[in-house]
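I open the notebook on a new model today. I will go residue by residue, then look at the whole chain.

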Amino acid sequence: DIRHLQVYCTNKEKGCSWRGNIKDIDTHIPKCPNQVVTCDKCKQNMQGDQLESHVKDECVLRYYRCVYCQIVGEYNFITGRHQEVCPDVVLPCTNEGCQQNIKRCNMELHRQTCPKEIVNCPYYDMGCQEKMAREDIDKHEETKTKIHLRKALEKIKEKSCPISIKLTKFSKHKRLQNHWYSSGFYTSAGGFKFR
């Protein structure tokens with residue numbers, strides 16, 4: 001009977017040593033470790049004995065869990081683009097001299113208190129244009145106290161000058177017993193006019 005003829009596996013040249021009845025070849029080929037198979041996800045061809053480890057450890061389209069935030073997705077996405085935006089990735093602080101490592105989602109909060117963050121002088125609005133590390137503010141304020149006070153006084157004088165002019169004019173009108181009125185205005189569009 002032809003079904004009992006002895007044959008070798010068609011993958012003998014690739015190293016398969018199977019030999020059996022011709023009727024059993026169809027059962028052997030799908031299980032043959034040297035049979036070329038295709039990964040269902042990435043469509044890469046490989047020998048059958050490599051498929052299990054490929055699907056588990058090598059396929060770029062296998063499911064993979066982010067080690068930081070635990071989200072699951074395709075390996076090439078999680079280890080690529082996702083790592084660039086993952087909120088739980090730990091990064092070094094961007095301030096020179098700061099040795100802290102912070103989760104990406106907490107970086108902005110850290111920078112608001114980081115002693116190495118470069119900030120404006122607290123008297124910036126008064127005219128002090130110096131920038132320094134946050135940890136150096138106290139020393140700066142100690143060494144620049146006179147300058148800061150002078151700048152603060154200049155700002156106060158600038159702000160109070162128009163008020164004193166108006167009060168001087170009002171006092172003059174009151175002394176001369178002149179009537180002093182502001183210009184008329186409406187309470188709202190189409191409203192009453194006050195004088």
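**Glu117**

I looked up Glu117 first. Is it buried or exposed? Glu117 has a relative accessibility of 13%. That is under the 20% cut-off, so Glu117 counts as buried. I keep in mind that this is a predicted model.

I then located Glu117 in the loop between α5 and β9. Leaving aside neighbours within four places in sequence, I listed its contacts: Asn95, Arg111, Met132, Ala133 and Arg134. The side chains of Glu117 and Asn95 are joined by a polar contact of 2.8 Å. With Arg111, Glu117 forms a salt bridge, and the closest N and O atoms are 3.0 Å apart. Arg111 is partly exposed, at 28% relative accessibility.

**Other salt bridges**

How many salt bridges does a search of the whole structure find? The search finds 4. I followed up two more of them. As background, side chains of opposite charge can pair when their charged atoms come close.

I took Lys116 and Glu135 next. Their side chains meet in a salt bridge at 2.9 Å, N to O. This pair links distant parts of the chain, 19 residues apart. Lys116 sits in the loop between α5 (107-111) and β9 (118-120). Glu135 sits in the loop between β10 (131-133) and α6 (137-143). I noted Lys116 as partly exposed, at 27% relative accessibility. Glu135 is partly exposed too, at 42%.

Then I turned to Glu130 and Lys144. Their side chains meet in a salt bridge at 3.5 Å, N to O. Glu130 lies in the loop between β9 and β10, and Lys144 in the loop between α6 and α7, so the pair ties together parts that are 14 residues apart in sequence. Glu130 is partly exposed, with a relative accessible area of 34%. For Lys144 I noted 24%, again partly exposed.

**His148**

Where is the place of His148? I found His148 in helix α7, which covers residues 145-175. Its relative accessible area is 3%, so His148 is buried. I then listed what His148 touches, not counting residues up to four places away in sequence. The partners are Cys121, Tyr123, Cys128, His140 and Glu141.

I looked up Val7 and found it in strand β1 (residues 6-8). Not counting residues up to four places away, Val7 touches Trp18, Arg19, Gly20, Asn21, Ile22 and Ile25. I checked one of these partners by C-alpha separation. The C-alpha atoms of Val7 and Ile22 are separated by 5.8 Å, and the two residues are 15 apart along the chain.

Ile22 came up again on the surface. Ile2, Leu5 and Ile22 form a nonpolar patch there, with about 280 Å² of accessible area together. I placed Leu5 in the segment before β1. Leu5 is partly exposed, with a relative accessible area of 46%.

**Positive phi angles**

Lys43 is one of them, with a phi of about 65°. Lys43 lies in the loop between β3 (36-38) and β4 (45-47). Its relative accessibility is 56%, so Lys43 counts as exposed.

Gln70 is another, with a phi of about 70°. I found Gln70 in the loop between β5 (63-65) and β6 (72-74). Is Gln70 buried, partly exposed or exposed? At 41% relative accessibility, Gln70 counts as partly exposed.

**Whole chain**

How many helices and strands does the protein chain have? I noted 7 helices and 12 strands. The chain has 195 residues, and buried residues make up 21% of them. Glu117 and His148 are both buried.

Technical notes: Residues are numbered from 1 along each chain as its sequence is written. This is a predicted model: local features need pLDDT of at least 70, side-chain atom pairs count only at pLDDT 80 or more; totals for chains, interfaces and linings use all residues. Side-chain values use heavy atoms; hydrogens and water are left out. Helices (H or I, at least four residues) and strands (E, at least two) are DSSP runs, numbered from the N terminus. Buried means under 20% relative accessible area, exposed over 50%, partly exposed in between (1.4 Å probe, protein chains only). Contact means heavy atoms within 4.5 Å. Patches are made of residues with over 30% relative accessible area and no salt bridge: like charges are joined within 9 Å, nonpolar side chains (Val, Leu, Ile, Met, Phe, Trp, Tyr) within 5 Å. Accessible areas come from the Shrake-Rupley method with a 1.4 Å probe; for residues, only the protein chains shown count as cover. A polar contact is a pair of N or O atoms within 3.5 Å; within protein, one must be able to donate a hydrogen and the other to accept it, and residues adjacent in sequence count only if both atoms are side-chain atoms.
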